[in-house]
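Visitor: Hi! Could you show me the model and talk me through a few spots?

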Amino acid sequence: MKIWLGGNVPENTSIFTILVLLDMLLGIFNYPVVQLAFAVGNIKKFQIANTLVNIFLLPISFILLKIGFPAIAVFASSIIFTVINQAVCLKELSILYDIRIAQYLKEVILKSMVLMLLSFIIPVVLRVFLAEGFLRFTLVIISDFVFTASFAYQILMTSKERIFFINMLKTKE
């Protein structure tokens, strides 16, 4: 943060940044669900459910701040609403389209969460043991890319997808 903002880093900037990134990371799972619902075409109930969940975030955040909760509570409630919205959208999608929510949770969400947790290990170790500066920044970025790509190949891809990926790389040469 000091490299980016100089010596003037506002209080709670780091935790706010982490929470916003986490909210965005969790929200990414909902985009394909929404697109699939739109592709099916019968989206009235889906949109109503999605909108109701999202619209309640503002008054809940206002109430939390009004009764004295710190600003971090707004970010935490946003993360909770993102998860609730994902659950509501999945439920509505399962009505529109024949998907198995348990299989989706196992094959997409769980594998992605494992990947996310594993991809943090090496960069966090580097961050802890190296002095702050450009070298640490560069090594964290490079190691994060290399290890995340490696873990994604092993965790997210099926054997058929790995074969397809390797064949695709071979044809590009």
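**Around helix 6**

Guide: Let's start with Ile72, which touches Ile15, Phe16 and Leu19, setting aside residues up to four places away in sequence. Touching, or contact, means heavy atoms within 4.5 Å. This is a predicted model, where local features need pLDDT of at least 70, side-chain atom pairs count only at pLDDT 80 or more, and totals for chains, interfaces and linings use all residues. Residues are numbered from 1 along each chain as its sequence is written, and side-chain values use heavy atoms, with hydrogens and water left out.

Visitor: Which helix is Ile72 in? And is Ile72 buried, exposed or partly exposed?

Guide: Ile72 lies in helix 6; helices are DSSP runs of H or I, at least four residues, numbered from the N terminus. With a relative accessible area of 33%, Ile72 is partly exposed. Buried would be under 20% and exposed over 50%, with partly exposed in between (1.4 Å probe, protein chains only).

Visitor: What does Phe75 touch, not counting residues up to four places away?

Guide: Phe75 touches Phe16, Leu19 and Val20 on that count. Phe75 is also found in helix 6, and its relative accessible area of 25% makes it partly exposed. Its C-alpha is 30 Å from that of Phe134, 59 residues away in sequence.

Visitor: Which residues of helix 6 are buried, and what covers them?

Guide: Among the buried ones are Ala73, Ser77, Phe81, Asn85, Cys89 and Leu93. Their cover includes helix 2, helix 3, helix 4 (44–55), helix 5 (57–66) and helix 7 (101–129).

Visitor: How far apart are the end C-alpha atoms of helix 6?

Guide: They are 36 Å apart, which agrees with the 36 Å that its 25 residues should span at 1.5 Å a residue. The expected span is 1.5 Å times one less than the number of residues.

Visitor: Changing topic: how much space lies in the second largest pocket?

Guide: About 270 Å³. A pocket here is an open set of points on a 1 Å grid over the protein atoms alone, where a 1.4 Å probe fits, with protein on both sides within 12 Å along at least five of seven lines; lining residues have an atom within 4 Å of a point. The volume is the space filled by probe spheres set on the points.

Visitor: Which residues lie nearest its centre?

Guide: Of the 17 lining residues, Asp23, Gly27, Tyr31, Thr82 and Asn85 lie nearest the centre of the second largest pocket. Helix 2 (13–28), helix 3 (30–40) and helix 6 (72–96) each supply at least two residues of that lining, and helix 6 gives the largest share, seven residues.

Visitor: And how many lining residues fall in each class?

Guide: Nine are nonpolar, seven polar and one charged. Ala, Val, Leu, Ile, Met, Phe, Trp, Tyr, Cys and Pro count as nonpolar, Asp, Glu, Lys and Arg as charged, and the others, Gly among them, as polar.

Visitor: Over to Ser119. Buried or exposed?

Guide: Ser119 counts as buried, at 9% relative accessibility. Ser119 sits in helix 7, and its side chain reaches the backbone oxygen of Met116 at 2.9 Å. Beyond its neighbours within four places in sequence, Ser119 is in contact with Asp144, Thr148 and Phe151.

Visitor: Where is Arg100?

Guide: Arg100 is in the loop between helix 6 and helix 7. At 55% relative accessibility, Arg100 counts as exposed.

Conventions. Polar contact = N/O pair within 3.5 Å; in protein donor to acceptor, adjacent residues only side chain to side chain.
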